[in-house]
Amino acid sequence: MKVLANDGVSQSGIDALEKAGFEVQTTTVAQDQLVDYINDNEINVLLVRSATKVRTDIIDNCSSLKIIGRGGVGMDNIDVAYAREKGLHVINTPAASSGSVAELVFAHLYGSVRFLHDANRNMPLEGDSKFKNLKKAYAGGIELRGKTLGVIGIGRIGQATAKIAIGVGMNVVAFDPFIEEVEIPLEFFDGQSVNFKIKTVSKEEVLKNADFLTLHVPAQKEYVIGKSEISQMKDGAGLINAARGGVIDEVALVDALEKGKLTFAGLDVFENEPKPAIKVLMNNKISLTPHIGAATGEAQDRIGQELADQIISILK
């Protein structure tokens, strides 16, 4: 059995698959050459992340394929229903990267409320000549403790984010059209744990009450946060998106930042990846990362191992 990890896979995943007798290839094949490569090499399992798209051309024309695997949560780059109709197994790793994404949300939050993203741009340029000016410019920081975090989408990643927020001392309000209540356990280093229950409320209530808003939703046909939703948010609120590009109207976001309706935004994903809008990239009120939510060693090890376990279970 042959596995092509076209967007890469952790060494832990490779080791587990090879131990089970699979041949693992980590060649990155161009999108338009995938069909020929899969057929020429009789690939049985195609593993992808977000870069490679698995559409009907691959599903219809690669008879050796038995499994399509996504290293991560969202599978909008795979025609899942069609693949399953054609008898293929489609797998993903919904729990493996939750903690890493949640920690990146708080990296953006902590950095933004203390202006780190902007200070790190300007200190190398003007730190020696305008130190006092910069000190004054960045002196209006605020604490997260005691503030309210609004969570749109309280699935695995939303819950992991809420867990950190509770640990920080924040209040959490959440909206999810599919979930009425969640119980979130906080485990501590010494074995103690405390459970917190969160009952979801309306989207409007979250928007109205949140000091900071974080999105944890799949790709949508329409904006989850657009001009209307931003108008319902608190003046001076902050907005974080480490979910999917296109769930926030970036034009409305930039406008709200320029007019002072929102204080800051943190974006790990963008409407136009891999070429985000220049107005977004150049805005000094936006903390930016290049879609790295799951890009920790620990998360990638879990993803690789989880994919390997599922593949072995299906094919062995």
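Modeller: Arg-121 is partly exposed, at a relative accessible area of 31%; buried means under 20%, exposed over 50% and partly exposed in between, with a 1.4 Å probe and protein chains only. This is a predicted model, in which local features need pLDDT of at least 70 and side-chain atom pairs count only at pLDDT 80 or more, while totals for chains, interfaces and linings use all residues. Residues are numbered from 1 along each chain as its sequence is written, and side-chain values use heavy atoms, with hydrogens and water left out.

Biologist: With which residue does Arg-121 meet in a salt bridge?

Modeller: Side chains of opposite charge can pair when their charged atoms come close. A salt bridge is a side-chain nitrogen of Lys or Arg within 4 Å of a carboxyl oxygen of Asp or Glu. Here the partner of Arg-121 is Asp-118, at 4.0 Å from N to O. Asp-118 is buried, with 11% relative accessibility.

Biologist: How many salt bridges does the structure hold?

Modeller: The structure holds nine. One of them joins the side chains of Asp-235 and Lys-261, at 2.7 Å from N to O. Asp-235 lies in the loop between α10 and β11, and Lys-261 in the loop between α11 (250-259) and β12 (262-267), so this pair ties together parts 26 residues apart in sequence.

Biologist: Is Asp-235 buried or exposed?

Modeller: Asp-235 is exposed, at 66% relative accessibility, whereas Lys-261 is buried, at 18%.

Technical notes. Helix = DSSP H or I, 4+ residues; strand = E, 2+ residues; numbered from the N terminus.
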